[in-house]
Amino acid sequence: MTPDTFTRSQWYAIGRLPDFEGAEAKPVRLLSQDLTVSDAAGVLSVNDADGRSLLTQIRYGHLWTTLSDTPRPLYDVPEFDEPDRRLVTAGGVGVRCSGLRCVENFLDMAHFPFVHTDILGVEEHPSVESYDVSMDAEKDEIWATKCKFFQPMASAAASGGQMTEYKYRVPHPYSTILYKTCPIREDVWDLVGLFIQPVEEDECIVHSFILVFDEENTDTGLLHFQQNIFLQDRMILENQVPRKLPLDPRWELPTRADASSIAYRRWLKANELQWGVALFNEAA
Amino acid sequence: MKLFDYVLSGNCYKIRLLLDFLELSHEKQAVDFFPGREHKSDAFLQINPLGQIPVLEDDGAYIRDAQAILVHLASRYDPTGTWWPVNDPSQLGRVAQWLAFADSITSTASAARLHDVLGYDLDVAQARAGAHKLFRVLDDHLANQELQGFNWIAGSRPTVADIACFPYVALAGDGGIELFYYPAIQRWIRRFVNLPRFKLMPGINIFD
């Protein structure tokens with residue numbers, strides 16, 4: 001299947017800047033297409049298999065490109081410009097499932113106690129309290145707010161259990177950002193996010209980042225915390241069947257805790273997204 | 001005692017396991033293996049000229065190679081003398097044999113995992129095929145051990161051979177290697193995760 005218009009019109013992160021240092025036609029795969037990245041004296045360029053030069057931009061610690069000549073603008077994350085924040089980019093991790101499934105899993109708090117046991121959740125507190133989900137119509141993005149969850153070790157800087165407040169943002173079909181209570185500063189949010197590079201309809205590379213206030217941990221300590229959490233998710237993601245995202249309501253019955261997932265699926269449907277979606281009769 | 005550690009490394013996990021089994025106090029220094037390739041940096045090459053992790057610093061000396069560190073820790077700090085059974089010559093050779101086998105698991109099953117998870121450029125089909133060949137040998141061996149009443153690779157007690165083989169077998173699924181065909185390996189994994197003070201690493205599928 002060729003990517004639908006909504007999918008094709010997006011910008012995609014394809015790696016961190018150091019990943020392309022001195023690159024000479026380094027192969028990269030995006031939306032089932034072979035691309036190459038080259039570094040000419042610090043200027044990165046991306047070409048498709050026919051040698052056509054693609055648009056690029058450098059933002060949020062990553063190189064972004066698009067197959068479209070007229071892409072939708074890349075969403076703003078103003079927190080990247082705030083002083084004192086620490087940015088740690090965790091590198092691309094391959095996952096054998098649709099990137100859409102990775103976004104959906106990221107939004108799902110119900111898995112914390114069972115997948116991230118004793119870090120992001122404890123089995124004694126499995127319940128997800130109700131939260132608000134809204135569409136920002138102007139920016140065309142989803143926000144889930146007032147999410148609360150008991151976490152024994154919400155981040156590398158946490159010194160004990162806390163009721164963590166969360167906000168989730170989905171500004172792009174393959175990006176999602178979590179805003180969570182900062183354990184060491186009042187009234188600010190720490191950010192954790194995924195920039196997903198869809199490789200095939202059922203395969204992706206997840207570039208994750210953390211953008212936090214933290215005075216105690218080294219960058220490498222933060223990196224290990226983040227990578228450990230994501231590898232816990234990866235195993236769950238790879239065991240999901242089908243590997244593409246099932247959008248057909250006949251498939252999986254959503255529950256109340258899945259309010260953000262329902263909003264995400266509706267939003268994908270409203271934008272007529274088809275690439276990466278499992279068809280009900282395909283699996284039968 | 002300090003372990004130069006990477007959280008996703010199965011070879012570092014071997015050392016973390018034995019440190020926990022022996023309840024040895026230690027510090028960890030996090031190494032940015034991926035994406036930063038810190039193990040290939042000039043500073044790290046001073047510590048290990050091979051540019052590999054793990055490395056253990058003990059009494060001012062650096063010890064490299066996961067299997068060598070296991071032998072070091074067990075022979076020096078295991079009061080029971082069972083993890084590296086130095087007083088049982090008949091068993092010691094077998095343990096050493098499976099330590100070498102563990103290295104072959106690293107070059108096959110771990111390679112497939114590096115390809116699939118971290119995007120390493122290598123022949124993944126060859127790596128997976130090599131792992132399956134080794135897993136068949138290990139599965140047969142473990143089944144034979146069970147028939148003789150032995151639960152572990154080298155006999156009736158777990159040794160460093162079990163620790164050395166465990167991580168990249170148990171993490172094989174990360175690299176697209178199914179353990180479905182290896183029932184004796186599955187039973188051995190279940191026994192292993194039930195050892196006292198065992199800690200799970202992400203990517204390990206417990207067959208229950």
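Guide: Let's start with a term: a polar contact is a pair of N or O atoms within 3.5 Å; within protein, one must be able to donate a hydrogen and the other to accept it, and residues adjacent in sequence count only if both atoms are side-chain atoms. Here the side chain of His207(A) makes one with the side chain of Gln197(A), at 2.9 Å. This is a predicted model, where local features need pLDDT of at least 70 and side-chain atom pairs pLDDT 80 or more, while totals for chains, interfaces and linings use all residues. Residues are numbered from 1 along each chain as its sequence is written, chains are lettered from A in the order in which they are written, and side-chain values use heavy atoms, with hydrogens and water left out.

Visitor: Is His207(A) buried or exposed?

Guide: Buried means under 20% relative accessible area, exposed over 50%, and partly exposed in between, using a 1.4 Å probe on protein chains only. His207(A) counts as buried because its relative accessibility is 3%. You'll find His207(A) in strand β14 (residues 203-212) of chain A; strands are DSSP runs of E, at least two residues, and helices are runs of H or I, at least four, numbered from the N terminus.

Visitor: Which residues is His207(A) in contact with, leaving aside neighbours within four places in sequence?

Guide: Contact means heavy atoms within 4.5 Å. For His207(A) the partners include Ala13(A), His62(A), Gly91(A) and Phe195(A).

Visitor: Where does Leu120(A) lie?

Guide: Leu120(A) is in the loop between α3 (112-115) and β9 (132-136) of chain A. Leu120(A) counts as buried because its relative accessible area is 7%. Among its contacts beyond four places in sequence are Phe112(A), Phe149(A) and Ile229(A). Leu120(A) and Phe149(A) sit 29 residues apart in sequence, with their C-alpha atoms 8.5 Å apart.

Visitor: What area is buried between chain B and chain A?

Guide: Interface size is often given as the accessible area lost when the parts come together. That loss, with a 1.4 Å probe, is summed over both parts. Between chain B and chain A it's about 1,500 Å², with carbon and sulfur atoms giving 59%. On the residue side, 22 from chain B are in contact with 19 from chain A.

Visitor: How many salt bridges does the rule find across that interface?

Guide: The rule wants a side-chain nitrogen of Lys or Arg within 4 Å of a carboxyl oxygen of Asp or Glu. It finds two between chain B and chain A. Arg234(A) and Asp174(B) meet in a salt bridge at 3.3 Å, N to O. Helix α4 (residues 89-118) of chain B gives the most to the side of chain B that touches chain A, with three residues.

How values were computed. Buried area = accessible area lost by both parts, 1.4 Å probe.
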